[in-house]
Amino acid sequence: MWFQKIKKINLLKANDYMKTITRTKYLNRIIELNQTPDIKIITGIRRSGKSKLMQAYIEYLKNHYENVNIIFIDFMDLIYEEIREYHALHAYVEEHFQEKKANYLFVDEVQMCPKFELAINSLYSKGKYDIYITGSNAFLLSADLAALFTGRYIEIHVFPFSFQEYCQYYDETGDKEKLFDEYSIKGGLSGSYAYRTEKDRINYIKEVYETIVTRDLVQKYSLPDTLVLQRLGEFLMDNISSLTSPNKVSQLLTANKTTTNHVTVGRYIKYLCNAFVFYDIKRYDIRGKKYLESSEKFYLCDTGIRYAILGSRNMDYGRVYENMVCIELLRRGYDVYVGKLYQKEIDFVAQKGSEKIYIQVSDNISDQNTLERECLPLLQIRDAYPKKVIARTRHPKYGYEGIEIYNIVDWLLQDEENGAQ
């Protein structure tokens with residue numbers, strides 16, 4: 001293979017409280033795309049590590065290739081303030097092009113240059129640059145990319161730290177069950193790990209979330225009032241794993257003195273999903289083999305945000321674990337649906353190509369009645385695809401009536417190349 005895969009995680013200590021890990025999965029994905037004729041766009045929620053990933057890839061290129069010319073622009077840096085205009089951006093890149101070299105263009109916080117897409121599309125059309133860009137999650141939305149970029153593009157979506165990455169970060173702690181308890185509360189926004197106190201860590205996460213809600217989305221969509229958006233976000237966090245419809249939510253918000261309507265709620269839910277704060281999971285009729293449009297479930301991008309905003313209020317660990325499994329399935333590249341079979345519900349139907357897995361998630365299944373209740377919907381599925389229950393068992397994997405029972409800690413730590421197996 002023409003490129004060299006990253007074989008292991010390298011840990012670099014920055015100071016006593018903060019260190020950096022190389023996010024191998026994402027870095028390998030970018031390496032796979034090296035010199036492909038597409039604009040590579042790194043997306044994800046604020047502070048999920050998009051800029052760090054770009055920097056890690058630049059270091060990789062410097063360490064593995066000699067005849068390269070790297071043009072790097074960070075619009076957060078005042079050094080580049082004079083080229084925050086698309087003509088100036090275009091001229092700057094062209095001035096720094098070098099003949100007989102592989103020219104790489106990296107632009108960070110690209111949204112700070114108005115009409116940046118005009119410059120990027122023009123540079124792309126010349127066929128001289130391998131282009132990589134990142135930006136604010138509210139300004140580089142998946143839904144907008146096709147309209148922004150007339151040429152081909154590939155989206156590289158970055159999630160907050162997985163539990164596996166969290167364990168790599170805190171590798172000095174060998175107790176994985178203890179680390180899981182911490183991760184359920186702290187979540188994967190790794191910038192919060194630098195803080196010495198719980199109060200400062202929570203304030204960091206709150207600031208990230210509130211910046212998205214009260215600044216990014218308000219600016220992107222010219223929203224007149226943020227109160228409904230704030231209350232909606234809190235409601236969705238509080239009702240993770242519940243079937244939700246805009247009509248139902250608007251009624252509940254209005255009853256709690258936040259007057260709104262189903263049209264506004266539906267639009268605002270879409271905005272929150274566009275900004276990668278929540279992921280909408282649609283329902284799938286297993287027996288009828290069709291998708292259902294009546295209602296959906298919404299899962300938070302990171303459980304640490306829920307704890308920071310809501311505290312321990314209604315801390316239903318079964319819902320938290322379900323949220324963690326959903327995001328992990330998305331992180332591993334699955335298409336995820338909520339399964340419906342007769343009047344029963346399957347937490348997740350996960351599909352990737354020809355692979356399909358049925359999954360139930362629970363907190364504690366030590367009681368035999370609880371185990372049987374969780375397994376019953378899976379046992380009613382007549383096809384031969386794998387069926388799993390993922391729970392906080394604290395035991396090695398075992399079987400029950402053909403269903404695999406996983407400890408959630410072990411399942412989250414599986415090698416991602418083995419998928420959800």
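Q: Which residues of helix 2 are buried, and what covers them?

A: This is a predicted model, in which local features need pLDDT of at least 70 and side-chain atom pairs count only at pLDDT 80 or more, while totals for chains, interfaces and linings use all residues. Residues are numbered from 1 along each chain as its sequence is written, and side-chain values use heavy atoms, with hydrogens and water left out.

Helices (H or I, at least four residues) and strands (E, at least two) are DSSP runs, numbered from the N terminus. Helix 2 covers residues 50-64. The expected span of a helix is 1.5 Å times one less than its number of residues.

Burial is judged by relative accessible area: buried means under 20%, exposed over 50%, and partly exposed in between (1.4 Å probe, protein chains only). In helix 2 the buried residues are Lys50, Leu53, Met54, Tyr57, Ile58, Tyr60 and Leu61. Viewed down the axis of helix 2, these buried residues fall within an arc of 155°, so they line one face of the helix. The arc is that of the directions from the helix axis to the C-beta atoms. Lys52, Lys62 and Asn63 are exposed on the other side of helix 2.

Contact means heavy atoms within 4.5 Å. The cover over the buried residues of helix 2 includes helix 1 (24-32), strand 3 (39-43), strand 4 (68-74), strand 5 (102-108) and strand 6 (129-134).

The loop between helix 1 and strand 3 holds Asn34, which counts as buried because its relative accessibility is 3%. The loop between strand 3 and helix 2 holds Arg47. Phi of Arg47 is near 60°, a positive value in a residue other than glycine.

A positive phi also occurs at Glu401, where the value is near 55° in a residue other than glycine. Glu401 lies in the loop between strand 14 (398-400) and strand 15 (403-407), and is exposed, with a relative accessible area of 59%.

Next come the other helices. Tyr166 is in helix 6 (residues 163-169) and is buried, with a relative accessible area of 0%. Leaving aside residues up to four places away in sequence, Tyr166 touches Phe161, Leu179, Glu182, Tyr183, Lys186, Gly187 and Tyr193. Tyr183 is 17 residues from Tyr166 in sequence and 7.3 Å away in space, C-alpha to C-alpha.

Helix 7 (residues 176-186) contains Asp181, which counts as partly exposed at 37% relative accessibility. Asp181 and Tyr153 are 28 residues apart in sequence, and their C-alpha atoms are 39 Å apart in space.

Helix packing is described separately. Two packed helices are described by the angle between their axes and the distance between the axes. Axes are lines fitted to C-alpha atoms, for helices over the stretch in contact, and angles run from 0 to 180 degrees between N-to-C directions. The axes of helix 8 (residues 198-221) and helix 12 (residues 303-310) cross at roughly 105° and come within 9 Å. That makes helix 8 roughly perpendicular to helix 12 (angles under 35 degrees count as roughly parallel, over 145 as roughly antiparallel, 65 to 115 as roughly perpendicular and the rest as oblique). Helix 8 makes this contact with Glu198, Arg201, Ile202, Ile205, Lys206 and Tyr209, and helix 12 with Gly304, Ile305, Tyr307, Ala308 and Ile309. By class, the contact has 7 nonpolar, 1 polar and 3 charged residues, where Ala, Val, Leu, Ile, Met, Phe, Trp, Tyr, Cys and Pro count as nonpolar, Asp, Glu, Lys and Arg as charged, and the others, Gly among them, as polar.

Helix 9 (residues 227-238) has 12 residues and reaches 16 Å from its first C-alpha to its last, close to the 16 Å expected. The buried residues of helix 9 are Val228, Leu229, Leu232, Gly233, Phe235, Leu236, Met237 and Asp238.
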